[in-house]
Amino acid sequence: MKILFGGYTSHDSKGIYQGEIDLNSQTPEVTNVQNIIEIQRPTYFQVNQDRDLLFSIDQPDSENAGIASFHKNAGKYTEVSTYLHPGAAPCYVGINTKKQLLYTANYHLGTANVFSYDDQGNIKFIASTKHTGKGPRPEQDSAHIHYFDQTPAGHLVTCDLGTDSVDFYDLKDDQLVHLAQYQMEKGFGTRHITFSPDGKLMFIVGELSSQVNVAKLNEDTWEFESIATYKTIPEDFKEHNGAAAILISKDGKFIYVTNRGNDSIAVFRVLADGHLDLVQRISVFGSFPRDFNWDPSQTYLVAANQNTNNATLYRRNSKDGTLTPIQKNILVPEATRVLFTEK
């Protein structure tokens, strides 16, 4: 299996890197990490279902940014298409492989964009929306959309760090139609979201508050009910921390969150009533873990540490959710994105 890494290109990185891992080995390791795509600041990317197309954030110069597509053939990637705009780059890319749609969130511009792509990877702009507003913290001087993707029922959802909100949309006649809003407490710093397998619960991570909020949602009536909010860092940790990525196991039993500052992964058990119980808080053996991901079986997990140019491999216990580190110094420069791929 391959593992793809992307991130900033401010120092040592040249773009997107690929490593290999033998999941059938008794002692699996990530090896042969090499640069496979030269591109500027690929801080987030996705691949299509067939794994032959890759869509990445791209910032070729100081004035323009956007997304670029690459086609994979015989193990090599060739650039197909770009969509660039003036200003700052997006921070997130979502994908719907069945409808061949892409979703980008732009933190600095406060926008969410929808694109389509064809079988060759050619990108076409479809729709955009722009948020307004601000919050009480210095980082909340304006709207800052940090996430834009699909809900379990097929609607679209944004997380806005600047306005502490989660907003829901439909794409109708090439327009984004606003459906509902779930408002967080001020200063929460809404960053990313994940959903329970049945679509009845949402788990929202607050970057600025280092918290996870659990809430009920009904995508038929657009009713919401907050259940509880949990800290992702120890109560006695007083240094700066920014909670980042959040994932839920496919059985819906465990939530995982990275902490940049505390430099850890917090593991929570999801109880029957939707409440969370802290199971583990484990070091990432590096600094600033912005992203992590797992293999299809969710037996192995890799966290990328942006500031220390390394990634860490863990074995995951599916019964109790705990992580055990098995490789701590995978050399990857400036990584902010991790993605397992079978091809």
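Some ground rules. Numbering starts from 1 along each chain as its sequence is written, and side-chain values use heavy atoms, without hydrogens and water. In this predicted model, local features need pLDDT of at least 70 and side-chain atom pairs pLDDT 80 or more, while totals for chains, interfaces and linings use all residues.

Start with the largest pocket. A pocket here is an open set of points on a 1 Å grid over the protein atoms alone, where a 1.4 Å probe fits, with protein on both sides within 12 Å along at least five of seven lines. Its volume, the space filled by probe spheres set on the points, is about 1,200 Å³. Lining residues have an atom within 4 Å of a point. There are 38 of them, and Q46, D149, L247, N293 and W294 are the closest to the centre. Strands are DSSP runs of E, at least two residues, numbered from the N terminus. Several supply at least two lining residues each, among them strand 4 (45-47) and strand 12 (145-150).

Next, the second largest pocket. The volume is about 440 Å³. It has 21 lining residues, with Y8, T43, C91, H146 and R290 closest to the centre. Strand 16, strand 20 and strand 24 each give two or more.

Now back to strand 4. It belongs to an open antiparallel sheet of 4 strands, in the order 4-5-6-7. Pairing takes at least two DSSP bridges between two strands. Strand 4 and strand 7 (76-86) are the edges. Strand 4 and strand 5 (residues 53-58) share 3 bridges. Which residue of strand 5 stands opposite Q46? That is F55.
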